[in-house]
Amino acid sequence: HYQIVLLSSNQNHKLLLEQAQEFAVESIHLFDQAAASAAMLKLPSGKHLHSGRSCIANLIDELHCDLVVNAIVGAAGLEVSYYTLNRGLNLALANK
């Protein structure tokens with residue numbers, strides 16, 4: 001049995017909110033501040049929104065999970081991979 005504890009996107013807040021509802025994810029993250037502002041207007045109760053690049057290390061540090069799936073394309077995904085491996089979490093890469 002798997003439970004998704006965090007979903008993140010660069011700026012597609014509409015799809016991120018849909019996926020958070022569909023998979024009962026409490027925490028979501030958007031790198032883009034404008035997208036985060038738009039998402040905040042539609043954020044359902046019980047959901048937590050994080051935004052920006054600066055909080056990603058803290059989010060990974062606070063994760064209670066067995067596996068991080070990183071699907072961020074190219075060099076942009078290195079930061080997430082670094083923090084995940086530095087914390088000793090299992091990492092699955094799903095990028096090109």
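Modeller: A residue is called buried under 20% relative accessible area, exposed over 50%, and partly exposed in between, using a 1.4 Å probe and protein chains only. Because its relative accessibility is 19%, Cys65 counts as buried. Bear in mind that this is a predicted model, in which local features need pLDDT of at least 70 and side-chain atom pairs count only at pLDDT 80 or more, while totals for chains, interfaces and linings use all residues. Residues are numbered from 1 along each chain as its sequence is written, and side-chain values use heavy atoms, leaving out hydrogens and water.

The structure holds zero disulfides, a disulfide being a pair of cysteine sulfur atoms within 2.5 Å. Cys55 is in no disulfide, and the nearest cysteine sulfur to its own, that of Cys65, is 15 Å away. Cys65 likewise has no disulfide, with the sulfur of Cys55 as its nearest, at 15 Å. Cys55 is buried too, at a relative accessible area of 17%.

Now to the strands and helices, which are DSSP runs numbered from the N terminus (H or I of at least four residues for helices, E of at least two for strands). Strand E4 covers residues 67-70 and runs parallel to strand E5, residues 90-93, with four bridges joining them; strands count as paired if DSSP finds at least two bridges between them. Within this pairing, Val69 has Ala92 in E5 as its bridge partner.

E4, H4 and E5 together form a right-handed β-α-β unit. Right-handed here means that, with the strands pointing away from the viewer, the path from the first strand over the helix to the second runs clockwise.

Helix H4 spans residues 78-86 and includes Thr84. Thr84 is buried, with a relative accessible area of 0%. Setting aside neighbours within four places in sequence, Thr84 is in contact (heavy atoms within 4.5 Å) with Ile60, Val68, Leu89, Asn90 and Leu91. Val68 falls within the residues of E4, and Asn90 and Leu91 within those of E5.

Elsewhere, an open sheet of three strands has the order E1-E2-E3 with parallel pairing. Its edge strands are E1 (6-9) and E3 (48-51), each pairing on one side only. Strand E2, residues 27-30, pairs with E3 over four bridges in the parallel sense, and His29 stands opposite His50 in E3.
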